[in-house]
Amino acid sequence: MKLLEGKVALVTGGGRGIGRGIVLSLAACGARVVINDLGAGLGGEGTDAAPAEEVLAAVKALGGEAVINGGSVASYADAQGMIDQARDTFGGLDIVVHAAGVLRDRMIFNMTEEEWDTVVAVHLKGLFNVLRPATAWMRQQKYGRIISLASGSAYGDAGQPNYAAAKAGIIGLSYSTANAMAKYNVTSNVVLPTGTTRMIDSKPESRAIFEETGKWPSEHAKGTPKDPDNVAPLVSFLASERAAAVNGQVFHSYGFGYTLVDQPRTLARLEGNTPWTPDALADAFERHMAADVPPRAAMPFGRDVDSLADSDWTETGDGKRYWIKTEKNR
Ligand SMILES: NC(=O)c1ccc[n+]([C@@H]2O[C@H](COP(=O)([O-])OP(=O)(O)OC[C@H]3O[C@@H](n4cnc5c(N)ncnc54)[C@H](O)[C@@H]3O)[C@@H](O)[C@H]2O)c1
């Protein structure tokens with residue numbers, strides 16, 4: 001039996017990039033899919049039915065079943081319509097993947113209110129918009145799998161304050177949903193994806209590659225560690241019954257590997273037996289804690305695995321390898 005046989009999935013932003021690869025993987029694993037995509041420009045402008053239609057044709061070509069939804073995740077009513085469409089067309093909804101996204105990059109001191117609102121509306125409010133009706137249904141059904149795409153940018157990309165905040169909000173909303181829905185057999189996990197899509201082509205350094213080679217970085221990515229389709233196997237696994245024990249987690253999909261990301265943990269504490277004064281705290285901080293303050297949240301996120309030595313890894317015997325952080329190598 002296929003991994004997702006009999007399951008019904010909704011993928012927002014399924015018409016392009018990482019979402020497209022996820023739709024095809026879910027369908028190849030046997031799921032029937034509602035492909036939501038507005039066909040928006042990178043900044044969220046305009047609509048275009050063509051990307052979702054192309055993905056629908058690709059699903060059909062591999063013998064799968066899917067339908068298109070052209071609504072906007074930024075609209076509460078449209079998102080309700082996506083859940084209704086899944087239930088009306090396929091009789092249910094088991095899997096929600098939120099991959100829709102837009103960019104409006106600007107430094108915090110230059111950002112307009114409209115740039116802020118647009119990005120937060122699609123990424124963070126968009127997740128709420130689909131989860132509100134989807135979780136109500138999954139709670140009754142007592143089964144569900146939710147996978148939300150956030151980003152390593154959540155940990156502090158200086159040029160993306162709106163996007164970083166929305167993506168960090170997605171992590172918080174996913175943790176909350178995981179805790180609320182665990183007793184209903186519903187899991188909620190986050191993937192921080194990477195993949196050279198048009199989002200990456202929009203970065204200033206990508207133009208230099210285009211000018212040098214005549215091709216955008218996304219056109220070089222197929223089959224390489226930068227291929228956006230490398231994210232999909234992780235999402236399909238998390239969408240399956242075999243991932244029942246994985247809930248409230250964050251994974252970084254990077255190259256041909258998947259990193260399980262640690263949760264924020266307590267690091268050091270100063271404690272008095274009476275309330276502190278600011279001066280006393282400043283003195284104690286300088287004396288005891290200052291040396292233990294870590295560097296600022298790291299960008300680019302997750303690339304530290306590149307510097308591991310071959311001897312740090314354990315060969316798993318099937319051409320793959322495994323590494324875990326231990327007290328020894330912390
Ligand atoms: N590409 C990366 O390296 C990367 C890194 C970190 C996070 N991400 C995240 O992964 C997701 C997919 O990114 P991508 O690189 O494939 O981008 P993409 O631009 O190729 O695809 C995003 C899709 O979302 C759709 N969309 C935009 N607004 C919508 C709306 N309101 N309603 C429905 N659909 C809408 C677009 O039409 C587009 O097809 C996004 O959430 C993005 O933030 C990507």
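Select A40 and the ligand: a polar backbone atom of A40 is 2.8 Å from an oxygen atom of the ligand, which is a polar contact (a pair of N or O atoms within 3.5 Å). The protein covers 96% of the 820 Å² of accessible area that the ligand has on its own, with areas taken from the Shrake-Rupley method and a 1.4 Å probe. This is a predicted model, in which local features need pLDDT of at least 70 and side-chain atom pairs count only at pLDDT 80 or more, while totals for chains, interfaces and linings use all residues. Residues are numbered from 1 along each chain as its sequence is written, and side-chain values use heavy atoms, with hydrogens and water left out.

Stay at the ligand and select Y163. An N or O atom in the side chain of Y163 is 2.5 Å from an oxygen atom of the ligand. Then pick L38, where a backbone N or O atom lies 3.4 Å from a nitrogen atom of the ligand.

Next, show the whole shell. The ligand is surrounded by 30 residues, each with a heavy atom within 4 Å of it. The closest are I18, D37, Y163, T197 and R198. Colour the shell by class to find 14 nonpolar, 12 polar and four charged residues; Gly counts as polar here, and Asp, Glu, Lys and Arg as charged.

At least two shell residues come from each of α1 (17-28), α4 (113-141), α5 (161-181) and α6 (198-201). The largest share, three residues, belongs to α6.

Move to L42, in the loop between β2 (32-36) and α2 (50-61). Beyond its neighbours within four places in sequence, L42 is in contact (heavy atoms within 4.5 Å) with V102, L103, R198, M199 and S202. The C-alpha atoms of L42 and G101 are 8.1 Å apart, although the two residues are 59 apart in sequence.

Notes
Polar contact = N/O pair within 3.5 Å; in protein donor to acceptor, adjacent residues only side chain to side chain. Helix = DSSP H or I, 4+ residues; strand = E, 2+ residues; numbered from the N terminus.
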